[in-house]
Amino acid sequence: MKYISNTPPEQKKMLQEIGVEEISDLFQAIPENIRFDRPFDIPEALSELELMELVQEKAAKNLDLSKFDSYLGAGSYVHYIPSIIDHLILRSEFYTAYTPYQAELSQGTLQAMYEYQSMICELTGMGISNASLLDGASALGEAVIMARRHTRNSRVILPKTVHPAYRNVARTYGEPHGVEFLNVPLQGSQLNLDSLAEELDDDTAALVVQYPNFYGSLEEMEKIAELLENLKKTLLIVVANPIALGLLNPPGEFGADIVVGEGQPLGNGVNYGGPNLGYMAIKDDRRMLRQLPGRLVGKTEDVEGETGYVMTMQTREQHIRREKATSNICTNQALNALMAAIYLATMGKKGIQEVANQCYQKTRYLRARLAEIEGVEVVNQDNHFNEFWLKIDRPETSLEEVEQKMCEKDILPGVNLAEMTDQKGLLVCVTEKKTRQDLDNYVRSLEVVLND
Amino acid sequence: MTEPLIKEYGSPGRKGYSLPELDVPEENPGERLPAGTVRKEAAELPEVSEVDAVRHFTSLSNMNYGVDSGIYPLGSCTMKYNPKINEDVARIPNLANIHPHQKEKYVQGSLEILYKLKQYLAEISGMDEVSLQPASGAHGEYVGLMIIRKYFEKRGEERTKVIVPDSAHGTNPASGTMAGFDVVEIESNERGMVDLDSLREAVDDDVAALMLTNPNTLGIFEKDICEIQQMIHEAGGLLYYDGANMNAVLGYARPGDMEFDVIHYNLHKTFSTPHGGGGPGSGPVAVKERLAPYLPVPVLKKNGSEYYWDYDRPDTMGKVHAFHGNYGVMLRAYAYIRTAGGEGLKEITENAVLNANYMKHKLKDTYELPFASDSLHEFVLSGSRQKKDGITTVNIAKRLLDYEQYAPTIYFPLIVKEAMMVEPTETENLRSLDRFIETMKIISREIEEEPELVENAPHNTVVRRLDEAKAARNPDLRW
């Protein structure tokens with residue numbers, strides 16, 4: 001099906017009106033020597049039934065998460081998603097609209113974005129949120145070059161406790177702008193505070209801290225804040241898991257200047273890692289606001305004094321400021337931000353606390369039980385949220401074998417750190433969706449696998 | 001009619017969610033976590049019931065307008081109808097419910113779809129290798145330019161300039177800056193095409209690339225593309241194709257055959273994935289063989305019948321997304337290409353071009369057509385004639401909303417005064433095109449007879465003209 005409405009007689013009528021014989025006459029501007037003169041090597045059209053059959057056949061080659069008890073996290077998280085979210089985003093006035101260029105006919109999207117911005121501010125403890133960026137990693141990239149512009153300094157401290165893919169993306173974004181990235185090594189599962197103290201100086205544009213960090217640990221935020229106290233220009237960029245903020249002190253409380261992160265855990269599915277939702281919030285600071293990338297929605301009035309919403313501060317953006325814009329971003333992740341807004345509204349004040357608490361308690365339970373197994377070590381001390389770093393020291397069994405055998409028991413036991421870092425072990429993620437039975441089964445299965 | 005903020009539905013203790021009881025022993029997090037890490041005050045989120053939330057967001061949706069509501073002729077945005085079956089495809093549980101850290105062997109079905117999509121995108125554009133990672137068109141531009149940057153770095157050439165015609169797609173200059181280039185803008189000629197003399201003047205040893213949108217935002221195909229490409233390539237530069245307007249050329253011309261080196265697609269435009277109120281989109285990048293080493297990591301590859309992600313790419317430009325890009329959008333685009341079929345894609349372009357030309361023909365006597373050259377899938381009118389009567393293009397756009405139709409892209413491209421960039425797309429039928437044409441003519445008559453009606457528009461929308469200056473002067477960005 002081609003979803004073209006006009007019939008051949010109608011097409012003919014239109015051609016007559018225009019005054020040409022055939023449709024191909026409308027393409028005369030394309031020079032003959034570059035014309036494409038053969039059919040595409042693409043299969044012929046399918047009906048709906050045939051398409052569904054074809055796609056189902058391919059889908060059957062996947063083993064999706066419903067086939068496993070999964071403990072995978074590391075940037076993409078499986079949380080409970082209230083049923084209403086998909087029903088509401090399927091309202092086609094939302095999902096078939098575009099960027100709200102005509103505000104008066106786009107009040108739904110605009111008000112929802114204003115509410116999204118407000119709730120992100122509440123959650124992070126920050127003053128201003130934009131209307132979304134492309135994903136958590138690119139949001140960090142944008143934050144790094146924003147700090148470079150804002151401070152006019154080029155040193156950015158990017159500790160090894162930040163997600164490796166985020167580090168890669170931040171480097172990609174920073175490189176053309178002369179950003180010099182400095183490492184801080186690990187100490188256990190946290191960043192090494194002494195090394196950090198050595199790297200920090202007056203010319204540091206920004207320090208990036210992930211909260212909780214890639215290995216699942218909370219950094220010593222109060223001590224980090226103290227180290228930054230005398231460095232007036234250095235910006236603190238916090239990469240925060242928004243679900244964790246239901247339980248943890250918001251980054252605004254310990255002096256974060258920019259908070260970014262992945263909003264997917266807020267009511268969005270995993271979808272193989274995309275579409276995700278980059279969020280960015282900053283301090284309530286006019287100078288910094290002018291450097292903020294991305295769309296912003298503001299409240300205003302119409303000519304009769306009625307409340308309404310518009311995209312605002314657009315002189316920062318690419319279509320107005322051209323090459324001097326704060327970013328090139330145009331299309332963002334509006335529908336995913338809408339999903340996050342519905343999630344935050346539905347879960348609300350109590351729900352976000354309960355989700356975060358259950359994540360913490362269940363992680364704590366699994367962590368404690370696993371640590372009792374001989375040859376199994378949990379690297380994180382009492383500082384994890386919903387992920388921890390499991391080391392298995394059994395000379396006779398490799399980690400790959402453990403993974404394989406757990407998979408045979410339909411458990412995805414965690415992300416193998418060797419795939420992404422120079423560390424050994426599994427990064428295990430537990431969310432509120434797990435039951436005690438699941439967790440006990442994980443422990444029992446691992447014991448069996450290790451004693452096989 | 002306004003809708004209260006969601007928090008105004010709230011009442012302390014009201015709940016809209018349910019979770020199972022905690023079934024493990026509960027500890028006090030404050031006893032174990034590092035000092036100062038437990039939140040003291042709860043985030044002030046709404047406390048509403050499920051029905052409150054459903055009514056609120058339903059009410060908001062009623063204050064919105066999408067392609068399903070009617071014509072959405074935003075130029076260069078390609079707001080075509082989004083087939084419903086594609087939503088079903090993206091929601092098939094075995095396709096949607098997979099984790100990005102699952103091993104490749106568990107997701108072969110999805111990787112096969114992505115690989116086929118890559119092949120189709122290579123075939124449609126005449127390019128060799130594809131990355132699906134960029135999450136939007138501008139993201140694709142950035143990746144494309146970073147590939148170019150890496151290519152010259154590898155060759156030991158320092159090239160600092162990117163040339164962008166003034167009729168190019170809007171994000172191009174900002175993407176150039178993001179990728180660390182100096183952006184040089186060149187003027188169009190009286191036919192609405194790249195002025196070859198201006199181009200010749202701008203081209204030198206410093207030029208890394210020319211970014212071209214072809215057809216450009218006037219809907220005009222750059223007839224001199226062969227001379228243009230020769231000029232750039234002879235100077236050692238590369239040619240970048242902005243695929244925003246690919247809907248104009250499917251099956252008629254391919255960027256690869258025009259000797260472009262890098263292109264990006266907008267799956268949400270050409271391949272009909274819903275725009276979501278501003279996203280998610282997807283901006284795959286396709287390159288010629290010699291640029292393939294610089295694509296972002298990882299690249300999807302096939303070994304025998306196994307699909308895998310190739311990370312071993314020492315010359316890569318890096319990475320721009322934590323995972324593999326907007327996978328859910330790619331599934332929809334795949335479904336769209338398969339339902340259209342190879343021949344269908346060409347018919348899509350033919351009808352997009354026919355619809356635009358029909359509209360242009362019917363409107364060119366009422367509104368000024370500043371460039372008479374043949375145009376393809378979109379065209380640009382000017383409200384200059386009406387401005388003499390004191391009515392500006394923004395007023396015309398707002399008056400269209402009163403007739404329950406979305407407005408064209410306005411004040412862009414910048415080279416046309418009082419611009420209205422109209423792109424009807426192939427999915428509009430004759431009746432809908434005629435209705436838009438008729439409405440534009442009515443508005444023109446209103447400007448002569450009752451100008452205040454147009455000047456004060458909109459009258460029938462949920463809110464009337466909004467004060468944008470106030471919003472910018474006193475930013476109110478949150479409750």
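Predicted model: local features only at pLDDT ≥ 70, side-chain atom pairs only at ≥ 80, totals over all residues.
Helices (H or I, at least four residues) and strands (E, at least two) are DSSP runs, numbered from the N terminus. By that count, chain B holds 16 helices and 12 strands. Its radius of gyration, taken over C-alpha atoms, is 25 Å.

Residues are numbered from 1 along each chain as its sequence is written, while chains are lettered from A and ligands numbered from 1 in the order in which they are written.

Stay with chain B. Along the principal axes, its C-alpha atoms fill a box of roughly 75 × 65 × 45 Å. A residue is buried if 20 or more other C-beta atoms lie within 10 Å of its own, exposed if 12 or fewer, and partly exposed in between, with C-beta atoms placed from the backbone. Of the 479 residues of chain B, 59% are buried. Two residues are in contact if their C-beta atoms, placed from the backbone, lie within 7 Å. Among contacts in chain B between residues at least 6 apart in sequence, 72% join residues at least 24 apart.

Now the partner. In the interface, 173 residues of chain B are in contact with 167 residues of chain A. Helix 11 (residues 327-363) of chain B supplies the largest share of the chain B side, 22 residues. By class, that side has 88 nonpolar, 52 polar and 33 charged residues. Here Ala, Val, Leu, Ile, Met, Phe, Trp, Tyr, Cys and Pro count as nonpolar, Asp, Glu, Lys and Arg as charged, and the others, Gly among them, as polar.

Turn to chain A. Its domain assignment, automatic or from a database, gives domain 1 (66-75 + 350-450) and domain 2 (84-344). Their centres, taken over C-alpha atoms, are 29 Å apart. The contact takes 20 residues from domain 1 and 18 residues from domain 2. Helix 12 of chain A gives the most to the domain 1 side, with seven residues.

Helix 12 (residues 334-371) of chain A spans only 42 Å between its end C-alpha atoms. A straight helix of 38 residues would span 56 Å, the expected span being 1.5 Å times one less than the number of residues. Helix 12 of chain A bends by about 95 degrees at A:Gly348; the bend is the angle between axes fitted to the seven residues ending there and the seven starting there. Of its 38 residues, 31 are buried, so helix 12 of chain A is largely enclosed by the rest of the structure.

Methods:
Rg over C-alpha atoms; globule rule 2.2 N^0.38 Å.
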